[in-house]
Amino acid sequence: MVVQYKCNNCGSDMNFNPKSGQLLCESCGLSEDISSKELSDSNDKNIKYEPDKEDNQDTESFEQDFYDSHNGDIESEHNHFDGNDGLQYECNNCGAKLITDSNTTATTCSFCDAAMVLGDRLSGVLSPSLVIPFKISKADAQQAFKKWCRNGRLTPSDFMTANRIANITGLYVPYWLFDLNAKGEVQATCTKVRTYTQGDYIVTETSYYNVYRKVDLDYLKLPCDASQKMDDKIMDKLEPFHYSDLKSFNMPYLAGYISEKYDFTDSDLLPRAKKRAVNYVDNFVRSTITGYSSVKFNHKDININQRSTYYTLLPVWVVYYNHANKDYIFSMNGQTGKVVGKPPFSKGKIAAWFSGIFGLSFVIMRLLALIIQGGL
Ligand SMILES: [Zn+2]
Ligand SMILES: [Zn+2]
């Protein structure tokens, strides 16, 4: 099932526009509200998201009542998608037959460039709950990429070809957002050391303290990228995403972009989410123990439990490029504009850079030599 959005005015294909947050017809300029398009019937989870309530991923809450109505464990109901089904899709616009990667959920027609949203791969158990729509436009992302190239001083000169910049891809990356709760106790022995002089002696006085902390922390919407293709480290560096822009998922947000379904289920990623939460808990506990000369933990008993998960699409601009047989990736948070990437280093430019430096120091040494000899 291919979903395409036609302009009511001129019949052209419409794309999601990051500036207005609406569907835009680039032929006649007509804008259409996303909400006026029928909400995807595939969104069977009925999650109504209130963006104002929960804003930050690292929110710590001590309100015991917060989860009172919750009965504890949550079973994940997501199943693996059978990648052999429906690899071929037909463009409603030009009739071209498109073979897609089994993970693709939205793409553009390679013949007429019309946006194609693959509805059957976004329904049932594969329906995302939430999405942060693109806020940075393609033109802005291209501009940022150019600037980033210019800032990388050792970038090969052939690197900034127009073709590469044009190949910047707007990708909705599949994520799981975890709501986790950490409950437990920590016990530590801490010391305070005081030194003073008494007559002929220097006295060092060490006082010992038993420190006890009971923690009950909620970590809301901790993100883990669920795509095998995306490098976890790069994805983590693209954070934070601001959750004030989270919307209930609706297919028109994907029009004109590439979107992928998850490779890893939330249960696959739970250990990774827990590991991140453990670091947050440790940092939090440490931040509450202050004013001591030393802290030694004797006992730590913290249980982390999953409260809920949300299958969520987050926006990323990506350029893949190959230079001197090495693959590089430039990526940019499609909401905040934060850039992650490493410019390729060119041997030629490095040599020129070094000879520049050595050339300069040679001149300085010559000058020094002349001054010492009284030649100047
Ligand atoms: Zn139009
Ligand atoms: Zn087409």
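This is a predicted model: local features need pLDDT of at least 70, side-chain atom pairs count only at pLDDT 80 or more; totals for chains, interfaces and linings use all residues.
Residues are numbered from 1 along each chain as its sequence is written, chains are lettered from A and ligands numbered from 1 in the order in which they are written, and side-chain values use heavy atoms, with hydrogens and water left out.

Zinc is where several cysteines turn up. The zinc ion (ligand 1) has Cys7 (SG), Cys10 (SG), Cys25 (SG) and Cys28 (SG) as its protein donors, lying 2.3 Å from it. Donors here are N, O and S atoms within 2.8 Å of the metal (3.2 Å for Na, K and Ca), and water is not among the atoms, so sites may look incomplete. The four donor atoms of ligand 1 make angles of 100 to 118 degrees, and the site is tetrahedral. For the geometry labels, four donors count as tetrahedral if all angles lie between 85 and 135 degrees; four count as square planar and six as octahedral if opposite donors are over 155 degrees apart and all others between 65 and 115; anything else is irregular. Along the sequence, the donor residues of ligand 1 are spaced C-x2-C-x14-C-x2-C. Cys7 sits in the loop between strand 1 (2–3) and strand 2 (14–17), while Cys25 belongs to strand 3 (residues 22–25), so this pair ties together parts that are 18 residues apart in sequence. Strands (E, at least two residues) and helices (H or I, at least four) are DSSP runs, numbered from the N terminus.

As for accessibility, buried means under 20% relative accessible area, exposed over 50%, and partly exposed in between (1.4 Å probe, protein chains only). Cys7 is buried at 4%, and Cys25 is buried at 1%. Cys10, with 40%, counts as partly exposed.

The zinc ion (ligand 2) is held by Cys91 (SG), Cys94 (SG), Cys109 (SG) and Cys112 (SG), at 2.3 to 2.4 Å. Its four donor atoms subtend angles of 106 to 114 degrees, which makes the arrangement tetrahedral. Cys109 is buried, with 1% relative accessibility, whereas Cys112 is partly exposed at 28%.

Next, the strands. Strands pair if DSSP finds at least two bridges between them. An open sheet of three strands has the order 2-3-4, paired antiparallel. Strand 2 and strand 4 (31–32) stand at its edges with a single partner strand each, so one side of each is left without a neighbour in the sheet. Strand 2 and strand 3 are joined by four bridges, and Asn15 stands opposite Leu24 in strand 3.

Strand 8 (residues 115–118) is antiparallel to strand 1 over two bridges, with Val3 partnered by Val117. Strand 8 also pairs with strand 7 (residues 104–108), antiparallel over three bridges, and here Thr107 stands opposite Met116. The hairpin of strand 7 and strand 8 has six residues between the strands, among them Asp113 with a positive phi near 70 degrees. In a regular strand the side chains alternate between the two faces of the sheet. In strand 8, Ala115 and Val117 point one way and Met116 and Leu118 the other, and all are buried.

Strand 10 (residues 169–198) and strand 11 (residues 201–225) run antiparallel, joined by 23 bridges, with Lys192 opposite Ser207. They form a hairpin with two residues between them, and Gly199 in the turn has a positive phi of about 60 degrees. Strand 10 is also joined to strand 13 (residues 258–260) by two bridges, this time parallel; Leu171 has Ile258 as its bridge partner there.

Finally, the packing. A nonpolar core is a set of buried Ala, Val, Leu, Ile, Met, Phe, Trp, Tyr and Cys residues joined through side-chain atoms within 4.5 Å. The largest has 58 residues, of which Tyr5, Tyr172, Phe178, Leu180, Leu254 and Trp317 touch the most other members. Strand 10 supplies the largest share of this core, eight residues. A second, separate core of 19 residues includes Leu171, Tyr310, Val318 and Val340. Ser331, in strand 15 (residues 326–333), is buried at 0%. Beyond its neighbours within four places in sequence, Ser331 has contacts (heavy atoms within 4.5 Å) that include Ile234, Trp317 and Val340.
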